[in-house]
Amino acid sequence: MRGPEVTDTARRALVTGVTGQDGGHLAELLHSKGYEVFGLIRGQRNARREALEREFPFVRLIEADLTDQTSLIHAVATSQPHEIYNLGAISHVGYSFRNPQLTADITAKGVLNLLEAVRVSGLSDSTRFYQASTSEMFGGLDYNRPGAGYNENSLFHPRSPYGVAKLYAHWIARNYRESYGMFVSTGILFNHEGERRGLEFVTRKITNAVAAIHLGLQDHLALGDLWPKRDWGYAGDYVRGMWQMLQHHEPDDFVLATGETHSIEEFLTLAFAAIGETDWKPYVRQDPQFRRPAEVDILLGDPSKAERVLGWERTVDFPGLVSLMVQHDIQVLSRHA
Ligand code: GDP
């Protein structure tokens, strides 16, 4: 199994989950900074390979799977990375309820496999490792900091197989930092969205449908509960935070969030306003199939540590995010209309 050969000139980064939303933003950022970017791609005939090669021709793809240790050792040996960004995961909460074992194998054990691959390759002193942790680990039961946003010291109480798997991943990553002195940082990221978000997430589902309604391609939208609240930021800002974590002089844990929380209903209101509709109700139906067995009522993060220690800043606010996504989807759908 041969992969691309490394050159000695640039800094090298290995990204798992490169076909996902954050993978795309991060690959672009690293490329703009002169990195040689390696991306893991899994499975035979991965449907996303062609799109990735078209959009990011500079990403050097290595076939590997987070559940296959041998393939990860090969990927690490081939890319000799200065930095690893572990973004690969089953990342959808609803899906994780239907596929809990697969979620555990990939989202939880995958990070252990990758950390071990770094260790057995003898690169644990030279490779910096980013673990994509998540606000879903908190579970939205705000009993330890009532009223305030979750920070790096808040109590965890995950409410989905996804959140539980991510909590294992978070702790095993911290454990490798403490046990082996590896440079392992975790980013506890609150929801982050944008034009690359998958349609299975509520924000993109809404903006895609609003654009389709605007263009006369669709007449309604079916959703689950509208009252849950999320701290929604722009993914482009969040991947910059990941990179900043690995440039810091020591490994640590950081919350990335906006410090604001909004309901799905507020998102809907702004999305329909972007196409000049003041009332979204005639277009939205409630469908119980989109409800979760256990819901996270409210997520609100406190990003003050990342702002203070890393100088992390956001460029897109909540109305800006909704508008950016609706405008993008109108453009994309008009091309096919
Ligand atoms: P999550 O916060 O990682 O679960 O991100 P999602 O975008 O999948 O869901 C955000 C919130 O929207 C959750 O409270 C969901 O229960 C709620 N929601 C309501 N209707 C829908 C829907 O049709 N699809 C999704 N994905 N979520 C929905």
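This is a predicted model: local features need pLDDT of at least 70, side-chain atom pairs count only at pLDDT 80 or more; totals for chains, interfaces and linings use all residues.
Residues are numbered from 1 along each chain as its sequence is written, and side-chain values use heavy atoms, with hydrogens and water left out.

**View 1. The two domains of the protein chain.** Domain 1 covers 12-192 + 233-256, and domain 2 covers 199-230 + 261-301 + 308-336; these bounds come from an automatic or database domain assignment. Domain 1 brings 27 residues to the contact and domain 2 brings 22 residues, where contact means heavy atoms within 4.5 Å.

**View 2. The interface between domain 1 and domain 2.** The two domains bury about 2,200 Å² between them, with 65% of it on carbon and sulfur atoms; buried area is the accessible area (1.4 Å probe) that two parts lose on being put together, summed over both. Eight residue pairs, both at pLDDT 80 or more, are in polar contact between domain 1 and domain 2, a polar contact being a pair of N or O atoms within 3.5 Å, where within protein one must be able to donate a hydrogen and the other to accept it, and residues adjacent in sequence count only if both atoms are side-chain atoms.

**View 3. The surroundings of the ligand.** The ligand is surrounded by 17 residues, and the closest are Glu200, Lys205, Arg230, Arg292 and Glu295; a residue counts here if one of its heavy atoms lies within 4 Å of the molecule. A polar side-chain atom of asparagine 191 lies 2.9 Å from an oxygen atom of the ligand, and for arginine 230 the corresponding distance is 2.7 Å. In the side chain of glutamate 295, an N or O atom is 2.5 Å from an oxygen atom of the ligand.

**View 4. The salt bridge of glutamate 83 and arginine 11.** These two side chains meet at 3.4 Å, N to O, in a salt bridge (a side-chain nitrogen of Lys or Arg within 4 Å of a carboxyl oxygen of Asp or Glu).
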